[in-house]
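Here is a short briefing on a protein and its ligand. Look over the sequence and the structure before reading on.

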Amino acid sequence: MDISGFALVTGAGSGIGEACAISFLEVGAAGVALLDINGKALEVVKEKLISRSRNQQFQCLSFELDMRKEDEVADAVQTCARTFGRLDYVVNAAGIAFKHIGGAANAETSDWQRVLDVNLNGTFYCLRAAAQQMLQQPYLESVIDGRPLQRGSIVNIASLAGLVGVSQSTAYCASKHAVIGLTKTTALDYAKAGIRVNAVCPGMIKTPLIVPGSEIERVTTENVKTLTPIGRWGTPEEVANVIVFLCGGRSSLITGASLPVDGGYTAQ
Ligand SMILES: NC(=O)c1ccc[n+]([C@@H]2O[C@H](COP(=O)([O-])OP(=O)(O)OC[C@H]3O[C@@H](n4cnc5c(N)ncnc54)[C@H](O)[C@@H]3O)[C@@H](O)[C@H]2O)c1
């Protein structure tokens, strides 16, 4: 994977974010910073990382914060960069899902706002703070052939709902389409400056986001059966594998991409 630098993962307390943090450790990252609103979950993931780390030098930081608060996010990103000395990979995984029964006509402003605040604004706050740091730091060199790789690589988690419409997902769909727009424009702004920015678009992934007994679970289970060519749920690790690839030196020519990780859902 050519991953030797320092990573920051939002939403690291659960699901895809947790799987990314573990993958970074497994492929040789020098350190990982974990950000999440759920402090208890963060501590569990931190313990896991420290107990699995055979490298005494591996550094793990954790920050309990709300991605909707721009100052908290900026402080955490700056503290990470100061402690690690640089910030090489940023994964924006914090997110929430919501179904508006009856669609846009019945959607409450407060539900719309909450979903946009976490999924879009939170991603923007973190991406902005990360880009400010990355623009100042020297290129990371490949551990394989010594070539300069990048100043930094940012991966935003969108969704198949960022590529196509999904019924009753008014705010979620809008937020994920916007994350893809944010990814593309930022990729263009910093391509020559050595920052790569990509998105992944997961399909139906078995994580705590799919709350048992909820409308989201009912619909996604149906979609796995009827609309997912591969015919099964994805795992958080399958998404993390793609994200770590997009962060590392093996993907040095990829920027501005929105990569489906959806078992063929959006190929139809
Ligand atoms: N699971 C799926 O099927 C699926 C599909 C497509 C996209 N996604 C996206 O993947 C990302 C990760 O989802 P997941 O399935 O791992 O969900 P998850 O619920 O397992 O993890 C999300 C994490 O984000 C954290 N979080 C939520 N709001 C936060 C806030 N305001 N501040 C800080 N942290 C906050 C949660 O505490 C949780 O630990 C999300 O952006 C989600 O939209 C998931």
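The points below cover the ligand, its surroundings and the aromatic rings. Keep in mind that this is a predicted model. The ligand sits in the largest pocket, and 28 residues surround the ligand.

**The shell around the ligand**
- The closest residues are S14, I16, D36, Y172 and T207.
- Sorted by class, the shell has 17 nonpolar, 8 polar and 3 charged residues.
- Two helices, α1 (15–26) and α5 (170–190), each supply at least two residues of this shell.

**Polar atoms facing the ligand**
- S14 uses its side chain: a polar atom there lies 2.6 Å from an oxygen atom of the ligand.
- I16 uses its backbone: an N or O atom lies 2.8 Å from an oxygen atom of the ligand.
- I37 also places a backbone N or O atom by the ligand, 3.2 Å from a nitrogen atom.
- On its own, the ligand has 830 Å² of accessible area, and the protein covers 92% of that.

**Aromatic rings**
- The count comes to 3 aromatic pairs.
- Why is the pair of F6 and F84 stacked? The ring planes are at 20°, and planes under 30 degrees apart count as stacked. The ring centres are 4.6 Å apart.
- This pair links distant parts of the chain, with F6 and F84 78 residues apart.
- F6 belongs to strand β1 (residues 6–10), while F84 belongs to helix α3 (residues 70–84).

Conventions: Residues are numbered from 1 along each chain as its sequence is written. This is a predicted model: local features need pLDDT of at least 70, side-chain atom pairs count only at pLDDT 80 or more; totals for chains, interfaces and linings use all residues. Side-chain values use heavy atoms; hydrogens and water are left out. A residue is near a molecule or strand if one of its heavy atoms lies within 4 Å of it. A polar contact is a pair of N or O atoms within 3.5 Å; within protein, one must be able to donate a hydrogen and the other to accept it, and residues adjacent in sequence count only if both atoms are side-chain atoms. Accessible areas come from the Shrake-Rupley method with a 1.4 Å probe; for residues, only the protein chains shown count as cover. On a 1 Å grid over the protein atoms alone, a cavity is a set of points where a 1.4 Å probe fits but cannot get out, and a pocket is an open set with protein on both sides within 12 Å along at least five of seven lines; lining residues have an atom within 4 Å of a point. A molecule sits in a cavity or pocket if more than half of its atoms lie within 2 Å of its grid points. Helices (H or I, at least four residues) and strands (E, at least two) are DSSP runs, numbered from the N terminus. Ala, Val, Leu, Ile, Met, Phe, Trp, Tyr, Cys and Pro count as nonpolar, Asp, Glu, Lys and Arg as charged, and the others, Gly among them, as polar. Rings of Phe, Tyr and Trp (its six-membered ring) pair if their centres lie within 6.5 Å; planes under 30 degrees apart count as stacked, over 60 as edge-to-face and the rest as tilted.
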